[in-house]
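Thanks, everyone, for making time this morning.

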Amino acid sequence: MSELPVGITRERGLHLLREMLRIRQFEARCAELYGAGKIRGFLHLYDGEEAVAVGVMQVLGTGDSIVSTYREHGHAIARGIELGPLMAELYGRRAGCSGGRGGSMHIFDAATRFYGGNAIVGGGLPLALGIALAEKMRGGRGLAACFFGEGAAAEGEFHESMNLAALWRLPVLFLCENNLYAMGTALARSESQTDIQAKATAYGVRAAVVDGMDVFAVEAAVRDAAAFARAGNGPTLLEFRTYRFRAHSMFDAQLYRDKAEVEEWRRHGPVISLTTRLKAAGLMSEEDFQRIEKEADAEVQAAVDFAEQSDWEPVADLARHVYAEVAAP
Amino acid sequence: MTPGPGSRITYREAVKQGIREALARDPRVFLIGEDVGRYGGCFAVSKGLLDEFGEERIRDTPLSESAFVGAGIGAAMAGMRPIVEIMTVNFSLLAIDQIVNNAATLCHMSGGQFPVPVVIRMATGAGRQLAAQHSHSFEAWYAHVPGLRVVEPATIDDARGMLRPALESPDPVIIFEPISLYNMEGELTDAAASVDLSHARVHRSGRDVTLITYGASLWRCVTAAEELATSGIDAEIVDLRSLRPLDDAAILGSVRRTRRVVIVDEGWRTGSLSAEVAMRIVEQGFYDLDAPIGRVCTEEVPIPYPKHLEDAALPDAARIVAAVRRTMGDAQ
């Protein structure tokens, strides 16, 4: 386990832990609610990958944009979307952050420039290019941060996007969450070249491999990539080595991996790793941890209450928003 | 110099002038696609625009339809007004994920937070001996999809004028430009300044039969109507212009006047726009009909290369005339 970086304060450490626990407790509740039939459709949990979302969002500012995947609860929470509208979206209620029309896989929030969970693997990358291109053409400093899994590296859109982003030096952060399995297919069973960063490098995209279980390593790598992009130097791909502790979705019997492998990864998961280090450094007590977890649980409970109390959109509004009701910005 | 009303110009030139005006009018507008810049456009539509507007706004792309169409969609969501050019409708199938899964869905799925004001232009149709991977008419595929607006200018005025309302629309608009019309010459009229996106237009008024069509087939219908006129059959021609939404009121209005209909569609008959139009007439105007609806569509073959076979596959005036005569029956 890596050391705490120099200069980490108690306040900073607890903030990062709190952000990760908000995601984890939110999703633990989601799993229960799925079992209870409150959440339907596909539900992809982020459990185990929290350090990536939290580390990334420490760097991004209000002028930056995010394009995400169908496993995006963590990205949304770390970005600052409130848990109430998020949970209401998973319930499919009118007060959901996408008006209930998207559900778990399609979280949108214009206020935080959260351009949605995209459920077509690789489909978000070209969108991120365009958002970055718009920013560049206007002379802005904003970045487009684009999350995708390692499975996307097999899609043509990944390769087209690497090439175009490098060619036009677009301010894009390609954030690859390599959790080793594209649904049930292990990387080595689907890719002739399993080194994702090598693929990016081949297109002239700067790339690095990052320990995705270490929130400090994630933050440092993103800070460097963001500065590089803001200076007009173009995109970076960061391959975060991470792992999802739970099934791909709620329909997954996990026949493709050993329980021992999951347990091994859990032992150096992002929350346990940060907790252990903060305690060892004397920056946090067990009471602190309990308190933060309890606060997160209370916030999640309030979100569930908010979702439960939100009404359903009337069926008469079914066709709303197929076409825009207001002029586009 | 910008050609004004009364000028005789080609369809190609009319499209170019529409793009030129848009670029001059709005700094958010840019043209993006394969060979739009240095080459001047695969069909020479954008020739000269690079010199006038520069590389930032006349943006050549790699052969990556999905990436540059998606980039256009993303840029539109982020406040720009891109005009994306895809060389032909056949190539657009490489970007159909972006068009159908993203452009068409994101406004709805985001609860209205993210409109997608992108314009995607592409060449469509046969008639230039380009064989089966450059000549098809997949308008119906796109017209099938809620969230998209689909138009096909068939006249010089529409070729010039449709881009402006398309760019002003907050929704994704697909503009189909028939390959066989780029060299067509015609007169630009005052109407080019104020065309709309969603209405059909009666191109020729007539009493006896309605020909409903769009795109290059408009001119096949015009030829057919002239021939029919010599034997005393007065055909009305409705140019759909908008393929999504379809202008039911204009379609039914004409049907109620003439009570006989032939639909002319360069798409294949099966699952075609002609089928959709016919069914709407049946649903809303069955009792206004005096005869079964006729259809002239492209033969159900991949478009062949040799001219005689390509011609045989496509709707033409002779087949339209024959279909009208069948529809007229004893009324002739």
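The largest nonpolar core has 200 residues, where a nonpolar core is a set of buried Ala, Val, Leu, Ile, Met, Phe, Trp, Tyr and Cys residues joined through C-beta atoms within 7 Å. By buried I mean that 20 or more other C-beta atoms lie within 10 Å of the residue's own, whereas exposed means 12 or fewer and partly exposed is in between, with the C-beta atoms placed from the backbone. The residues with the most contacts inside this core are Leu129(A), Ile131(A), Cys146(A), Val172(A), Leu173(A), Leu211(B) and Val324(B). Domain 1 (8-194) and domain 2 (201-331) of chain B both give residues to the core, so it lies between them; the domain bounds come from an automatic or database domain assignment.

Before going further, please keep in mind that this is a predicted model, in which local features need pLDDT of at least 70 and side-chain atom pairs count only at pLDDT 80 or more, while totals for chains, interfaces and linings use all residues. Residues are numbered from 1 along each chain as its sequence is written, and chains are lettered from A, and ligands numbered from 1, in the order in which they are written. The pLDDT is the predictor's confidence in each residue, from 0 to 100, and for chain B its mean is 96, with 98% of the residues reaching 70 or more. For the complex, the predictor gives an ipTM of 0.95 and a pTM of 0.96.

Let me stay with Val324(B) for a moment. If we do not count residues up to four places away in sequence, Val324(B) touches Val209(B), Ala224(B), Leu228(B), Ile233(B), Ala235(B) and Val262(B), and contact here means that the C-beta atoms of two residues, placed from the backbone, lie within 7 Å.

How do the two domains of chain B meet? Their C-alpha centres lie 26 Å apart, and the contact takes 24 residues from domain 1 and 22 residues from domain 2. On the domain 1 side, the elements that give two or more residues are helix H7 (139-143), strand E6 (149-151) and strand E7 (173-178) of chain B, where helices (H or I, at least four residues) and strands (E, at least two) are DSSP runs numbered from the N terminus. The residues of that side divide into twelve nonpolar, eight polar and four charged, counting Ala, Val, Leu, Ile, Met, Phe, Trp, Tyr, Cys and Pro as nonpolar, Asp, Glu, Lys and Arg as charged, and the others, Gly among them, as polar.

Turning to the interface between the chains, 35 residues of chain B are in contact with 38 residues of chain A. Helix H3 (65-77), helix H5 (96-103) and helix H6 (106-109) of chain B each give two or more residues to the side that touches chain A, and H3(B) gives the most, with ten residues. By class, that side of chain B has 17 nonpolar, 15 polar and three charged residues.

The buried residues of H9(A), among them Val215(A), Phe216(A) and Glu219(A), pack against several elements of chain A, including helix H1 (10-35), strand E4 (172-178) and helix H11 (270-280). H9(A) is followed by Gly232(A), whose phi is positive, near 90 degrees.

Finally, some local backbone and side-chain details. A cis peptide bond joins Arg244(B) and Pro245(B), with omega about 0 degrees, and Pro245(B) lies in the loop between strand E12 (242-244) and helix H11 (248-258) of chain B. Leu180(A) has a positive phi, near 80 degrees, in a residue other than glycine, and is partly exposed, with 19 other C-beta atoms within 10 Å. Ala131(B), also not a glycine, has a positive phi of about 65 degrees and is partly exposed, with 14 other C-beta atoms within 10 Å.
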